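This report describes one protein model for a reader who works with coordinates. The sequence and structure are shown first, and the description follows.

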Amino acid sequence: MIKRGDASLENPTNKAILQEAGNPTEPAKILEILINNASRVVIDKLQPLEELDARRREMIAKVEALQAERNNVNKEIGRRKAAKEPCEDLFAGMKEMGNQAKELEKQLEEIDQALNNMLLTIPNVPNATTPVGRDESANVEVRRFGTPRKFDFQVKDHVDLGANLGILDFDRAAKLTGTRFSVLTGPGARLERALINFMLDTHTQKHGYREILPPFIVNAESMKGTGQLPKFEQDLFKLQGFDYYLIPTAEVPVTNLYANEILKESDLTIAFTAYTPCFRSEAGSYGRDTRGLIRQHQFDKVELVKFCKPEDSYNELEKLLDNAEEILRLLGLPYRVVALSTGDLGFSAAKTYDIEVWLPSQNTFREISSCSNFEDFQARRAGIRYKGSDAKAKTAFVHTLNGSGLAVGRTWLAILENFQEEDGRVRIPEVLRPYMGGQEYLEPLNRPAPAKAAAEMTAAS
RNA sequence: GGAAAGGUGGCUGAGUUGGUCUAAGGCACACGCCUGGAAAGCGUGAGUGGGGGCAACUCCACCGCGGGUUCGAAUCCCGCCCUUUCCGCCA
C-alpha cells in the first residue's frame with residue numbers, strides 16, 4: 001500500500017503517527033502501522049487530488065449559477081413569445097452569459113480530466129485481511145493439497161517430455177512467430193482441448209457458472225474498465241491502426257459485459273466462466289522462465305468471473321477459489337494456496353489468493369491460478385451497478401471477482417511432469433480420459449522429435 | 001467496400017415549420033386502495049450523474065458521441081460512432 005501509494009516518512013503527519021506507536025524501525029511494522037491508520041496517513045499522490053476536488057466544486061457552483069439564470073430568462077422569453085408579447089429586451093446579455101458559461105465549462109472539463117487521470121493511476125486499497133508486507137516474501141501460505149510424488153528415477157521437465165512424446169514443438173513456433181510461442185501437436189493438442197472442456201464442464205455443470213465465449217479483441221474503454229489501461233499499456237498487444245487490443249485475460253471482456261449497466265439486485269450473484277486465449281507482451285520479464293510453456297505470449301485460460309453484492313464478495317471469493325482448486329483436486333495435482341501480501345498485490349485487487357501447482361522438475365510450487373476480489377474498484381471504472389426492485393432502492397456499485405480456473409498451459413505441463421513414468425509415458429488423469437477417447441497414457445514416439453524428423457526428410461528428398 | 005434507413009428514459013413510442021419539452025402515451029416496475037387471496041380496476045410513486053443542504057428539499061447536466069448556428073436546439077448544420085436492410089466480398 002505504501003509502496004503503491006507513496007507516503008513519505010518525512011511528512012509531519014506520518015511521522016506523528018509513527019511516533020505515537022513508538023517509532024518502530026522494522027519496515028513491515030512501519031507499514032502495518034501506517035495501513036492501520038490509513039484514514040490519517042498523508043499519501044503524496046492524494047494531496048493534489050484534494051486541491052483539485054475543491055477547485056472543481058467551486059467551478060461547478062459558478063457554472064450552475066450562470067446556467068440557472070440563463071434558463072430563467074429563457075423561460076420568460078418562451079412565455080412572452082407564446083403570449084405574443086415583445087421580448088427583445090431580454091436578449092441583451094444572454095449571449096454573453098452563454099459564452100461565459102461555455103468558458104467556465106471548458107475550465108471545469110480540464111479540472112475533471114486532470115482529476116480523472118490522477119484517479120486512474122491510483123491502485124485499489126487492500127482489504128484488511130490482506131497480509132501486510134513489502135513483497136512476495138510476506139505472502140502467507142493458507143493450505144496445501146496432496147503430497148508431491150517421490151520419484152525413483154530422474155524426472156524430466158515438460159520440455160523434454162513433450163519432445164519425447166512428439167507433442168510439443170518450440171522450434172517451428174519460433175519459425176512461425178518468434179520466441180515464447182509454442183505448437184502443440186497430436187495428443188498434445190488434444191490434451192489442451194480436453195483440459196479446456198473438462199474445466200468448462202466442471203464449472204458450468206458442477207459449480208453453476210454460465211459459459212461465455214467473448215471477443216478476444218477489445219477496445220481501450222474495456223481495458224480501462226478492468227484496470228489494464230492506462231497504466232499497463234506496455235503489457236498489452238495493440239492492433240495497428242485501431243484502438244483495439246488483444247485480451248491479456250478473459251477477465252477483460254467478461255467483466256466489461258455489464259459496463260455502464262444497472263443490474264437487478266435479484267439477479268446477483270452472477271457467475272460466468274469463459275475459455276479464451278490470452279495474449280501478453282511479457283515486457284520486463286526478459287530472461288525469466290524462458291524455457292518451456294511457463295511464460296508464453298499466447299496461452300489458453302479458463303476464467304471465472306463474478307458480479308455480486310458487496311456484502312457477499314468475500315464469501316464469493318472463497319467459493320471461487322474453491323471452484324478453481326477443485327480442478328486440481330479432480331486432476332490429482334498437488335498444490336498450495338497462498339494469500340498475497342500488500343506488496344505483491346496487483347493494481348486492481350483488494351485481496352488475492354494464488355494457487356500454486358507442484359512442479360517436480362523445479363522442485364517447487366508455481367502459480368497456476370490467481371483469484372481476486374476487486375471489491376468496487378473495477379465496478380467504479382466500468383460503471384457496473386445494481387439496484388433493488390423497491391422504488392426507493394439506491395443504486396450501488398457491485399463487487400467484481402475473478403480467478404483462473406485454471407491456466408490451461410500450466411495445467412498441461414503440470415500433468416506431464418507429475419504423471420510421468422520412467423519409460424517416458426505420461427499417465428492421463430482419469431477425469432480427462434473421457435475427453436481423450438479413453439486413452440490412459442500419452443505414449444512416447446519411437447522416432448525423432450518432429451523438427452528433427454522433418455529436417456531429415458528434407459535432407460533425404 | 002457501395003447504397004439506404006435509423007439511434008429519444010428499464011422496454012416501446014410520440015415529438016423534427018427551433019420557444020413553458022420541466023420529454024406525451026403505452027408496457028413493465030414499486031407502494032397503497034379494493035379482494036378470502038389474486039387478476040382487473042383505481043390512486044400514488046418512480047431515470048442517470050453531479051452541486052448545495054442535518055433534512056424536507058433545491059439547483060445543474062443528460063434525447064448515440066463531439067462540435068457549430070441562435071437570445072434559445074431532442075428539433076437546423078458539420079464530423080464521428082453504432083445498429084438495421086440491400087448489394088459486393090468472405091468462413
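## Conventions

A residue is called buried under 20% relative accessible area, exposed over 50%, and partly exposed in between, with a 1.4 Å probe and protein chains only. The model is predicted: local features need pLDDT of at least 70 and side-chain atom pairs count only at pLDDT 80 or more, whereas totals for chains, interfaces and linings use all residues. Residues are numbered from 1 along each chain as its sequence is written, chains are lettered from A and ligands numbered from 1 in the order in which they are written, and side-chain values use heavy atoms, with hydrogens and water left out.

## Cysteines

The model contains zero disulfides, a disulfide being a pair of cysteine sulfur atoms within 2.5 Å. For cysteine 278, which takes part in no disulfide, the nearest cysteine sulfur belongs to cysteine 371 and lies 14 Å away. Cysteine 308 is likewise in no disulfide, and its nearest cysteine sulfur, that of cysteine 371, is 14 Å away.

With a relative accessible area of 0%, cysteine 278 is buried. Cysteine 308 is also buried, its relative accessible area being 0%.

## The open sheet

Helices (H or I, at least four residues) and strands (E, at least two) are DSSP runs numbered from the N terminus. Two strands pair if DSSP finds at least two bridges between them. Eight strands make up an open sheet of mixed pairing, in the order β1-β10-β11-β12-β15-β9-β8-β4. Its edge strands, each pairing on one side only, are β1 (140-145) and β4 (210-212). From one strand to the next, the twist averages 25°; axes are lines fitted to C-alpha atoms, for helices over the stretch in contact, and angles run from 0 to 180 degrees between N-to-C directions.

Strands β11 (residues 351-359) and β12 (residues 364-373) run antiparallel and are joined by nine bridges. Tryptophan 358 has phenylalanine 365 of β12 as its bridge partner.

## Helices on the sheet

Contact means heavy atoms within 4.5 Å. Helix α11 (residues 313-331) packs on the sheet and touches β1, β9 (298-308), β10 (335-339), β11, β12 and β15 (399-407), with a direction at about 5° to that of β15. Helix α13 lies across β9, β11, β12 and β15 and runs at about 35° to β15.

## Arginine 144

Strand β1 includes arginine 144, which counts as exposed at 52% relative accessibility. Leaving out residues up to four places away in sequence, arginine 144 touches Tyr335, Arg336 and Phe365. Its C-alpha atom is separated by 9.4 Å from that of glutamate 356, 212 residues apart along the chain.

## Helix pairs

The axes of α6 (residues 158-165) and α13 (residues 408-418) come within 9 Å and cross at roughly 85°. Helix α6 is therefore roughly perpendicular to α13; angles under 35 degrees count as roughly parallel, over 145 as roughly antiparallel, 65 to 115 as roughly perpendicular and the rest as oblique. His158, Leu161, Gly162 and Leu165 of α6 meet Leu413, Leu416 and Glu417 of α13. These contact residues comprise four nonpolar, two polar and one charged, where Ala, Val, Leu, Ile, Met, Phe, Trp, Tyr, Cys and Pro count as nonpolar, Asp, Glu, Lys and Arg as charged, and the others, Gly among them, as polar.

Helices α2 (residues 12-20) and α3 (residues 27-36) pack at about 110° with axes 10 Å apart, and are therefore roughly perpendicular to each other. Asn14, Ile17 and Leu18 of α2 contact Ile30, Ile33 and Leu34 of α3. This contact divides into five nonpolar, one polar and no charged residues.
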